[in-house]
Amino acid sequence: MAFSFFQHWKNKQLTETNNKLLLQNDSVLSVNLQLQKDINFLKHDLDSLVRTTPERQQLTAR
């Protein structure tokens with residue numbers, strides 16, 4: 001009986017920890033998506049600047 005109670009308690013604890021980690025993961029993914037959008041925007045701006053100065057190579061080419 002005590003083992004069953006312990007297992008139930010441990011499962012509940014692990015579930016709560018897992019839920020917190022899932023929320024953190026969603027937050028990190030959201031930040032990563034926003035950063036990727038910002039990077040792409042900046043790359044576009046840099047490429048536009050380079051196009052206005054033809055003697056320079058494209059800075060963001062990969």
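Two exercises with worked solutions follow, on a predicted model. Residues are numbered from 1 along each chain as its sequence is written, and side-chain values use heavy atoms, without hydrogens and water. Local features need pLDDT of at least 70 and side-chain atom pairs pLDDT 80 or more, while totals for chains, interfaces and linings use all residues.

**Exercise 1.** Classify the pair formed by the rings of Phe6 and Trp9.

Solution.
1. Rings of Phe, Tyr and Trp (its six-membered ring) pair if their centres lie within 6.5 Å. By this rule there is one aromatic pair.
2. In that pair, the ring centres of Phe6 and Trp9 are 6.0 Å apart and the planes stand at 35°.
3. Planes under 30 degrees apart count as stacked, over 60 as edge-to-face and the rest as tilted. The Phe6 and Trp9 pair is therefore tilted.
4. Phe6 and Trp9 are three residues apart in helix α1, so about one helical turn separates them. A helix here is a DSSP run of H or I with at least four residues.

**Exercise 2.** Is Phe3 buried or exposed?

Solution.
1. Buried means under 20% relative accessible area, exposed over 50%, and partly exposed in between (1.4 Å probe, protein chains only).
2. Phe3 has a relative accessible area of 60%, so Phe3 is exposed.
3. For reference, Phe6 is partly exposed at 42% relative accessibility, and Trp9 is partly exposed at 43%.
4. Phe3 lies in helix α1, residues 2–52, and the protein has one helix.
5. Buried residues make up 5% of the 62 residues in the protein.

How values were computed: Helix = DSSP H or I, 4+ residues; strand = E, 2+ residues; numbered from the N terminus.
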